[in-house]
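Take a look at the model below. Keep the sequence beside it as you read.

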Amino acid sequence: MRAKVCVVAAALAAWAGAASAQSPQMLAVGMSWVAAQGGSVPSGALPTGFTPEGFLYSCRGTVENGVHLGKVRPGLEGCLIPLGGNERPVRAYEVLVGQPQRWMGAQDGQVPARAVDVGRTRANQPLYVCRGVRGNELVPGKIGAGLRGCNVGLGGREVTLAIYEVLIQ
């Protein structure tokens, strides 16, 4: 368990150094959501992950009567939302912009008390932004009541990561 936490910490430290060097627009105060579509990422978007192809950004869109969280980057067809075992592309969505508050480590479905409530299931349960490491990627996703970890989309499938971080206030 400790080895996995160290891997997450090392990946996050590497990402933070790259993000601060390449993203001066993150100096804005606060966070908000900006409308986008078709894989576009607005200016000032907050990188919340990375892949070998580039930074990933947290996005949210309406699916099955809920507002669910996913990932987007230029070159994708839209916001890819993990839901029902698959990644679902949503062409009209919102992207998180601004300066991050803080991330807190969690595991096995835990949601920190100060997690930022940014989405809803169709049963009106809150969803929160999370991110976790899988291979050489740091992937943003969602966590909420009834989920056993950070649910992310990988290779067209919904995957649950047991060790993750949650965006907090």
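This report goes from the whole chain to single residues.

## The chain as a whole

This is a predicted model. The protein chain has one helix and 14 strands. It holds 169 residues, and 51% of them count as buried. Consider the contacts with a separation of 6 or more: residues 24 or more positions apart account for 60% of them.

## How confident is the prediction?

The mean pLDDT of the protein chain is 85. A score of at least 70 is reached by 82% of the residues. Strand 11, residues 137-144, has the highest mean pLDDT, at 98. Helix 1, residues 2-22, has the lowest, at 39. Across residues 1-29 the pLDDT is below 50. Beyond near neighbours in sequence, that stretch still has 34 contacts in the model.

## Two disulfides

A disulfide is a covalent bond between the sulfur atoms of two cysteines. How many disulfides does the structure hold? There are two. Number the bonded cysteines in sequence order, and the pairing reads 1-2, 3-4.

The link is right-handed, with 90° about the S-S bond. Are these two cysteines buried or exposed? Cysteine 59 has a relative accessible area of 0%, so it is buried. Cysteine 79 is also buried, because its value is 0%.

Another disulfide joins cysteine 130 to cysteine 150, with an S to S distance of 2.1 Å. Here too the pair links distant parts of the chain: cysteine 130 is in strand 10 (residues 126-134), cysteine 150 is in strand 12, and 20 residues separate them. The torsion about this S-S bond is about 90°, so the disulfide is right-handed. Cysteine 130 counts as buried because its relative accessibility is 0%. Cysteine 150 is at 0% as well, so it counts as buried.

## A hairpin

Strand 12 (residues 150-154) and strand 13 (residues 157-161) run antiparallel. Five bridges join them. Glycine 153 stands opposite glutamate 158 in strand 13. Two residues lie between the strands of this hairpin. Which residue of the hairpin takes a positive phi near 60°? That is glycine 155.

## Two buried glycines

Glycine 39 sits in the loop between strand 1 (31-37) and strand 2 (47-51). Its relative accessible area is 5%, so glycine 39 is buried. Leave aside neighbours within four places in sequence, and the contacts of glycine 39 include Val72, Arg73, Pro74, Gly78 and Tyr93. Proline 89 is 50 residues from glycine 39 along the chain, and their C-alpha atoms are separated by 9.5 Å.

Glycine 78 belongs to the loop between strand 4 (66-72) and strand 5. Glycine 78 is buried because its relative accessible area is 0%. Not counting residues up to four places away in sequence, glycine 78 touches Gly38, Gly39, Lys71, Val72, Val90 and Tyr93. Proline 89 is 11 residues from glycine 78 in sequence, and the C-alpha to C-alpha distance is 5.6 Å.

Some residues other than glycine have a positive phi. One of them is aspartate 108, with phi near 55°. Where is aspartate 108? Its place is in the loop between strand 8 (102-107) and strand 9 (117-120). At 51% relative accessibility, aspartate 108 passes the 50% cut-off, so it counts as exposed.

Asparagine 124 is not a glycine either, yet has a positive phi of about 70°. Asparagine 124 is found in the loop between strand 9 and strand 10. Its relative accessibility is 54%, so asparagine 124 counts as exposed.

## Rings and a charge

Now look at the ring of tryptophan 103. The charged end of arginine 131 sits over that ring, 3.8 Å from its centre. How many aromatic pairs are counted? The count comes to zero.

Note on methods. Residues numbered from 1 in each chain as written. Predicted model: local features only at pLDDT ≥ 70, side-chain atom pairs only at ≥ 80, totals over all residues. Heavy atoms only, no water. pLDDT = per-residue confidence, 0-100. Helix = DSSP H or I, 4+ residues; strand = E, 2+ residues; numbered from the N terminus. Contact = heavy atoms within 4.5 Å. Pairing = 2+ DSSP bridges. Disulfide = S-S within 2.5 Å. Buried < 20%, exposed > 50% of the residue type's maximum accessible area, 1.4 Å probe, protein only. Phe/Tyr/Trp six-rings, centres within 6.5 Å; stacked < 30°, edge-to-face > 60°. Lys NZ or Arg CZ within 6 Å of the ring centre and 35° of its normal.
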